[in-house]
Amino acid sequence: MGAAQGPIFRVESSDSWCVSSQDHQFPGPSSCPQPWLVFVLNLGKDSNNVCLHFNPRFDIHGDTNTIVCNSKDDGVWGTELREPAFPFQPGSVTEVCISFDQADLSIKLPDGYTFKFPNRLNLEAINYLAAEGDFKIKCVAFE
Amino acid sequence: MSGIFEIMNMNMKLGTTLKIKGKIADDADGFSINLGQATDKLDLHFNPRFGESTIVCNSLDDNKWGQEKREDHLCFSPGSEVKFTMTFEKDEFKVKLPDGHQLTFPNRLGHNHLSYLSVQGGFNISSFKLD
């Protein structure tokens, strides 16, 4: 079910991001427009077993325009990796493509730049996808 | 096949249509597509059952099932590729089946936003889109 090893899956965001969910953990005015601070995509088995925590930070936790990636194994965070690439614009529709095999996940950013993150959990299938922060899932395709 | 695929923090508002495409497994005896707030709070549980030749719809509120609504219009079969649309309105859900037949299910829980999608059983999702 969902993405087995190999296929790429694309996630596209919606531009109607200004409606934040109740559990929105970042302060900001409730009216639109609101500055983008951060968004998160978690992929894995469930909320405690995340093979890719993909966390672009516009301006939060001392990071500006940086992508922080990590994994969570049985609820325990791994070591963070940082990517300086940042092809994201606040308020825009954006698309991220993620493919994976036993060794790595490959993340292709909207400008085509691709980087890898190790598949530390060795998951053979991804069946959980969660978005948090200033990102609303609009479209998902498995190719 | 007994898998589950889940999407959290989706942004489905009133008036939105979800288009969902996928392939029904060759050995499927049924599958379900769930839309709601969380695993224990489902505004629409859409569950085609091949063994019974029926589509069962229901709602789940704090883990308590509501009253089933059955529709004997099963216009697809194991092994086929299918496309559905599900429109979320204030009073009801409108599900358009692959042959164009439409079934409805009341918006019993009265929510105006859906954030959770899950697919269970013999259905391999290939894409979904909110319009």
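The chat below goes through the interface of chain B and chain A in a predicted model.

Colleague: How many residues are in contact?

Modeller: On chain B there are 21, and they are in contact with 20 residues of chain A.

Colleague: And the area buried between the chains, how much is that?

Modeller: About 1800 Å², with carbon and sulfur atoms giving 57% of that area.

Colleague: Which residues of chain B lose the most area to chain A?

Modeller: B:Phe5, B:Asn9 and B:Asn11, which together make up 31% of what the chain B side buries.

Colleague: How many salt bridges across the interface?

Modeller: The rule finds zero. For polar contact, eight residue pairs turn up between chain B and chain A, both partners at pLDDT 80 or more.

Colleague: Which elements of chain B give two or more residues to that side?

Modeller: Strand S1 (4–8), strand S13 (116–121) and strand S14 (123–130) of chain B. The largest share is from S14(B), with eight residues.

Colleague: What is the split into nonpolar, polar and charged on the chain B side?

Modeller: The residues there that touch chain A are 11 nonpolar, seven polar and three charged.

Colleague: Changing topic to strand pairing. Which strand of chain A is joined to S1(B), and do they run parallel or antiparallel?

Modeller: Strand S12 (residues 128–133) of chain A is joined to S1(B) by three bridges, and the two strands run parallel.

Colleague: What stands opposite B:Glu6 there?

Modeller: A:Tyr128 is opposite B:Glu6, which lies in S1(B).

How values were computed:
Residues are numbered from 1 along each chain as its sequence is written. Chains are lettered from A and ligands numbered from 1 in the order in which they are written. This is a predicted model: local features need pLDDT of at least 70, side-chain atom pairs count only at pLDDT 80 or more; totals for chains, interfaces and linings use all residues. Side-chain values use heavy atoms; hydrogens and water are left out. Contact means heavy atoms within 4.5 Å. Buried area is the accessible area (1.4 Å probe) that two parts lose on being put together, summed over both. A salt bridge is a side-chain nitrogen of Lys or Arg within 4 Å of a carboxyl oxygen of Asp or Glu. A polar contact is a pair of N or O atoms within 3.5 Å; within protein, one must be able to donate a hydrogen and the other to accept it, and residues adjacent in sequence count only if both atoms are side-chain atoms. Helices (H or I, at least four residues) and strands (E, at least two) are DSSP runs, numbered from the N terminus. Ala, Val, Leu, Ile, Met, Phe, Trp, Tyr, Cys and Pro count as nonpolar, Asp, Glu, Lys and Arg as charged, and the others, Gly among them, as polar. Two strands pair if DSSP finds at least two bridges between them.
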